[in-house]
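I opened a new model today.

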Amino acid sequence: MYIVMSKYWLFALALSSAPALAEDYKLKNLVIDHPYARATPPGATTGGAYVTVENMGATPDKLLAASTPAAKFVEIHQMSMNGGMMTMRAVQGIEIKAGARIELKPGGYHLMLLDLKKPLRTGAKIPLTLVFEKAGKLEVSAWVEDMTAEAMHPKH
């Protein structure tokens, strides 16, 4: 009985005291889920940031831009396979249709952090401002996760 109760209480304690690395934000009809960036190696001048945005409204919106004090510039990029070659290009924005969910993730749409002021270290947190056409601006905190972060969040 003691062992069973001890395991139960340890499990309950672990759940209640574990830091929530993924944060959700709401801006008008948009729900922003799990903003994060990947750690970069020493000397890297570019990095990537990712987020999922769900439009709970009846009209579309559009992610127009992003910024962070951790980098000089942030561009919205799309990575895709084209004729067996991976290509990456800057895009002017990403439409989020009414009732739809977009996922910025490694290998697809992402936020390219250019001219990083310093390498992104696992466990750090960076402010990230997202700009939407209709909903406006929202500042979120993006946790810097390990370089293998996408493997840890296959559904994000």
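My entries follow, from the whole chain down to single residues.

I am working on a predicted model, where local features need pLDDT of at least 70, side-chain atom pairs count only at pLDDT 80 or more, and totals for chains, interfaces and linings use all residues. Residues are numbered from 1 along each chain as its sequence is written, and side-chain values use heavy atoms, with hydrogens and water left out.

**Fold.** I looked up the secondary structure first. The protein chain has two helices and 11 strands. I take these as DSSP runs numbered from the N terminus: helices are H or I with at least four residues, strands are E with at least two. Read from the N terminus, the order is α-β-β-β-β-β-β-β-β-β-β-β-α.

**Burial and surface.** Of the 156 residues in the protein chain, 38% are buried. Buried means under 20% relative accessible area, exposed means over 50%, and partly exposed is in between (1.4 Å probe, protein chains only). I then checked the area. The chain exposes about 9,200 Å², with 61% of it supplied by carbon and sulfur atoms. Those areas come from the Shrake-Rupley method with a 1.4 Å probe; for residues, only the protein chains shown count as cover.

**Contacts.** I counted a contact as heavy atoms within 4.5 Å. Among contacts in the protein chain with a separation of 6 or more, 67% join residues 24 or more positions apart.

**Salt bridges.** How many salt bridges does the structure hold? I found two. The criterion is a side-chain nitrogen of Lys or Arg within 4 Å of a carboxyl oxygen of Asp or Glu. Arg101 pairs with Asp33, their closest N and O atoms 3.8 Å apart. That pair links distant parts of the chain: Arg101 is in strand E8 (residues 101-104) and Asp33 in strand E2 (residues 30-38), 68 residues apart. Glu54 also pairs with Arg101, with closest N and O atoms 3.4 Å apart. Here Glu54 sits in strand E3 (residues 46-55), 47 residues from Arg101 in strand E8. Shared partners join Asp33, Glu54 and Arg101 into one network. I also noted burial. Asp33 is buried at 14% relative accessible area. Arg101 is partly exposed at 45%, and Glu54 is partly exposed at 25%.

**Core.** Next I took the largest nonpolar core. By definition this is a set of buried Ala, Val, Leu, Ile, Met, Phe, Trp, Tyr and Cys residues joined through side-chain atoms within 4.5 Å. It has 33 residues, and Ile32, Leu63, Leu111, Leu130 and Phe132 touch the most other members. Ile32 lies in strand E2 and has a relative accessible area of 0%. Leaving aside neighbours within four places in sequence, Leu130 contacts residues including Ile32, Leu63, Leu111 and Leu138. Ile32 and Leu138 are 106 residues apart in sequence, yet 9.4 Å apart C-alpha to C-alpha.

**Pocket.** Last, I looked at the largest pocket. A pocket is an open set of points on a 1 Å grid over the protein atoms alone, where a 1.4 Å probe fits, with protein on both sides within 12 Å along at least five of seven lines; lining residues have an atom within 4 Å of a point. Its space is about 170 Å³, taken as the volume filled by probe spheres set on the points, which are joined across faces, edges and corners. Lining residues include Arg38, Tyr50, Met79, His110 and Met112. E3 gives the most to the lining, with four residues.
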